[in-house]
Amino acid sequence: MAQAEMERLKFWRDKVHRRLVEVLNDRHDPLSGHRGIERREANLYIKNILDTWSRDIPTDLDQSLLAKEVLDQTLGLGPLEDLLKDEHISEIMINGPKQIYIERQGRIEHFPHCFNNAQEVMNIIEKIVSPLGRRIDEASPLVDARLSDGSRVNAIIPPLALNGPCLTIRKFKAIPFTPETFIEMGSMTTSMMDFLKICVAGRCNILISGGTGAGKTTLLNLLSSFIPRHERIITIEDAAELKLPQDHVVSLESRPSNIEGMGEIPIRRLVRNALRMRPDRIVVGECRGGEALDMLQAMNTGHDGSLTTGHANDTREMLLRLETMVLMSGVELPVKAIREQICSAIDLIIQIERLAGGTRKITRITEVCGMEGDVITTQDIFAMRPEAQYRTLPTGILPAFAEKIARYDLHFPPDLFSCNGWRP
């Protein structure tokens, strides 16, 4: 669409929108924010407005598109509606009213549309947070929320955001990735997939490590789907994103404080509560604080096969992050005792990264072996090799926890760790 045509559509969209708001305020309680009004009813009002102004509206203007945009602006999230419906878009980033960026298939692109002013962005943020009983204003200028489809939302406004209200939406994928999809995308090989399936079935405690947007939650969802269907699974998340195929799943979601600053239920409290719910497996969406200690203790007290994620750039850094998170719990423990807890709890760390071009790829699968003095020892089972065209290959090492999974009558095929003739 040409720029002049876009400007003309925008002019009439705003004009019809203002008139529609007046009509809705006359017929409905304006304090309700027009919630509860059906799109069909609003469509009839829009049609009447367009009929009334038929002599003024240019005949070559697409009136069906005009009506849709007015409807989206009034009852939906304006220009974001189409972005939310596009399954190829994974992230929407609004940097003030004049800048919208999207992530499509791993690449960040500039979106040509924008908002008229900061108030329009604020209106969208209010539409998202108000039904959840949350508020955002100068006294409370940032908020985390979730859309009805499960998409995760973060909003931050002035005075903290200098460019105007900022909104970031991590879209929820209704249909989880399958193992075949991971392999086709090059995120992992068939050997890695077979290895991880056996590890999950054999009740290994697994920690997924990676940076922001690396695909940790997507991988966690995939690994969780390998848990046997007869087991009782408790999932714990800040914003419910996991979608497991098993029947016996209890999903818990943390709760922020309300407008009065009361009623917060953090992840750590949910982890403790989960231990009283007779779980076979505990899956925590992300450990980022003191809940890491509770998670490690759960793994060490009969809840083998638990899974979680954490932010780190490599597997060794993830171990250091775990130490820091345990110290954030407020429990004073010697560093050596913390490391012993980590060694006895974690069997495997999986490093996933977002590479150039937006590809997500598992770059390292590392076994946590034990302690030598005060140092945690590890060994790579799979590792990405630059000298092998950056393929992630087996190192030829059989993991020590092979004996652990043998108790569940599971065994790694002898050729699973074959390097296919490649040697470092």
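**View A. Pairing of strands β7 and β11 in the predicted model.** Strand β7 (residues 206-210) and strand β11 (residues 307-311) run parallel and are joined by 5 bridges. Within this pair, leucine 207 has threonine 308 of β11 as its bridge partner.

**View B. The open sheet that contains β7 and β11.** The sheet is built from 9 strands in the order β9-β8-β10-β11-β7-β12-β13-β14-β15, and its pairing is mixed. Strands β9 (249-253) and β15 (391-394) each have a single partner strand and stand at the edges, so one side of each lacks a neighbour in the sheet. On average, neighbouring strands are turned by 25 degrees against each other, direction ignored.

**View C. Helices α7 and α12 against the sheet.** Helix α7 (residues 190-201) lies across β7, β10 (281-284), β12 (348-354), β13 (360-372), β14 (375-385) and β15, and runs at about 45 degrees to β13. Helix α12 (residues 335-345) also packs on the sheet, where it touches β13 and β14; the direction of α12 makes about 120 degrees with that of β13.

**View D. The largest nonpolar core.** This core has 37 residues, and Phe195, Leu219, Leu223 and Phe412 have the most contacts inside it. Two or more residues each come from α7, β7, α8 (216-224), β12, β13, β14 and α13 (402-406). Helix α7 gives the most, with 7 residues.

Technical notes
Residues are numbered from 1 along each chain as its sequence is written. This is a predicted model: local features need pLDDT of at least 70, side-chain atom pairs count only at pLDDT 80 or more; totals for chains, interfaces and linings use all residues. Side-chain values use heavy atoms; hydrogens and water are left out. Two strands pair if DSSP finds at least two bridges between them. Helices (H or I, at least four residues) and strands (E, at least two) are DSSP runs, numbered from the N terminus. Axes are lines fitted to C-alpha atoms, for helices over the stretch in contact, and angles run from 0 to 180 degrees between N-to-C directions. Contact means heavy atoms within 4.5 Å. A nonpolar core is a set of buried Ala, Val, Leu, Ile, Met, Phe, Trp, Tyr and Cys residues joined through side-chain atoms within 4.5 Å. Buried means under 20% relative accessible area, exposed over 50%, partly exposed in between (1.4 Å probe, protein chains only).
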